[in-house]
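Thanks for making time this morning.

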Amino acid sequence: FDAELRDIFRMQNQVAREVASHVGIAPLAAEALLAGISRGGTRRKPTNDPAAYNLYLLGRHHLYNWTSGSPPKARQYLEEAIARDSEFALAYDALGELYWYLGFYSVMSPKEACSLGMCYALRALEIDNCLAETHALLGRFRKQVDFNWAEAEREMRRALELNPRSLVVGYRYATSYLMPQGRMAEAAAELETVLEYDPLDLNVRSWLAALHWIAGHYRSAAEELRLVFEVDPNYPLGHLVLGQTRC
């Protein structure tokens, strides 16, 4: 493929479709695997700066491949991406999610982490109020900060209206709304759909294992964890869930 670097986002869908035609898989699935975000449809170009986008991807890599050194690296890359493009909404969204996890893992005070994370989420929506993933993230915070289920539901519904095919929305909706509401079958279906498009997403697979364990499906939980550790025997969230299943 011959293209200028600035055309990388436009070229992405073209690559997906041509690869799909050669290997015989659905074009929308191919696009989802390459984009890593959506199950289909088109999205606004995230940034005009390919270097900023690369920094964003590095930040997300460290966000989901959690080790002791991951949070500062994720924050550094995402802040550098924003320094290059102050209107890069997805980078603000990722920073917001980083702080959600810092609170979730008790790396810092959950209340402080969620307050900071909400600020980044609101900044992302100030830039692009149609960013479905960030509405789902804001719903996640509304549930976590003050257990405001009405607002959490409102934000999740808005996210689903804006992009019902988003893998990120599906993941956040399942883990921060459906699962806490006890709607386990629906939550599992959302996470399984995400894994159909990205079977190597260890974060989502670990959450699915936790969901099965909470629902009392212990063999299913053990199988999901086996798949996690086949890919990465040291995956932290997998070990956290494994510890919960041994209690």
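Let me begin with a question: why can α7 be called largely enclosed by the rest of the structure? Before I answer, please keep in mind that what you see is a predicted model. The answer lies in the burial count, since 11 of the 15 residues of α7 are buried, and so the helix is largely enclosed by the rest of the structure. Those buried residues are Ala 132, Glu 133, Thr 134, His 135, Ala 136, Leu 137, Leu 138, Gly 139, Arg 140, Phe 141 and Lys 143.

For orientation, the protein contains 13 helices and zero strands, and 47% of its 247 residues count as buried. If we take the contacts between residues at least 6 apart in sequence, 56% of them join residues that are at least 24 apart.

Coming back to α7, this helix covers residues 132–146 and reaches 22 Å from its first C-alpha to its last, which is close to the 21 Å expected at 1.5 Å a residue. What do the buried residues of α7 pack against? Their partners are α5 (89–104), α6 (110–127), α8 (149–162), α9 (167–178) and α11 (202–214). After the helix comes Phe 147, and its phi is positive, near 50°.

Once its neighbours within four places in sequence are set aside, Thr 134 is in contact with Asp 93, Ala 121, Ala 124, Leu 125 and Arg 172. Arg 140 also lies in α7, and because its relative accessibility is 0%, Arg 140 counts as buried. With the neighbours within four places left out again, the contacts of Arg 140 are Glu 97, Trp 100, Tyr 101, Met 156, Tyr 171, Arg 172, Thr 175, Ser 176 and Trp 207.

That brings me to helix pairs. In general, two packed helices are described by the angle between their axes and the distance between the axes. For α5 and α7, the angle is about 25° and the axes are 10 Å apart, and these two helices are therefore roughly parallel to each other. The crossing of α5 past α7 is left-handed. On the α5 side the contact is made by Asp 93, Gly 96, Glu 97, Trp 100 and Tyr 101, while α7 contributes Glu 133, Thr 134, Leu 137, Arg 140, Phe 141 and Gln 144. By class, the residues of this contact divide into four nonpolar, three polar and four charged.

The next pair is α3, residues 50–64, with α4, residues 70–84, whose axes come within 8 Å and cross at roughly 160°. That angle makes α3 roughly antiparallel to α4, and the crossing is left-handed. The contact includes, among others, Leu 55, Tyr 56 and Leu 58 of α3 and Tyr 77, Leu 78 and Ala 81 of α4. Its residues divide into 10 nonpolar, three polar and three charged.

Is Pro 72 buried or partly exposed? Its relative accessible area is 42%, so Pro 72 is partly exposed. Pro 72 and Leu 98 are 26 residues apart in sequence and 9.8 Å apart in space, C-alpha to C-alpha.

The last pair is α12, residues 218–231, with α13, residues 236–245, where the axes come within 10 Å and cross at roughly 150°, again in a left-handed crossing. Leu 225, Val 228 and Phe 229 of α12 make the contact with Gly 238, His 239, Val 241, Leu 242 and Thr 245 of α13. What is the make-up of this contact by class? There are five nonpolar, three polar and no charged residues.

Finally, a point about backbone geometry. Most residues other than glycine have a negative phi, and most peptide bonds are trans. Ser 106, although not a glycine, has a positive phi of about 60°. Ser 106 lies in the loop between α5 and α6, and because its relative accessibility is 55%, Ser 106 counts as exposed.

Terms used:
Residues numbered from 1 in each chain as written. Predicted model: local features only at pLDDT ≥ 70, side-chain atom pairs only at ≥ 80, totals over all residues. Heavy atoms only, no water. Helix = DSSP H or I, 4+ residues; strand = E, 2+ residues; numbered from the N terminus. Expected span 1.5 Å × (residues − 1). Buried < 20%, exposed > 50% of the residue type's maximum accessible area, 1.4 Å probe, protein only. Contact = heavy atoms within 4.5 Å. Axes fitted to C-alpha atoms, helices over the stretch in contact; angles between N-to-C directions. Parallel < 35°, antiparallel > 145°, perpendicular 65-115°, else oblique. Left-handed = near helix turned anticlockwise from the far one by under 90°. Nonpolar A, V, L, I, M, F, W, Y, C, P; charged D, E, K, R; others polar.
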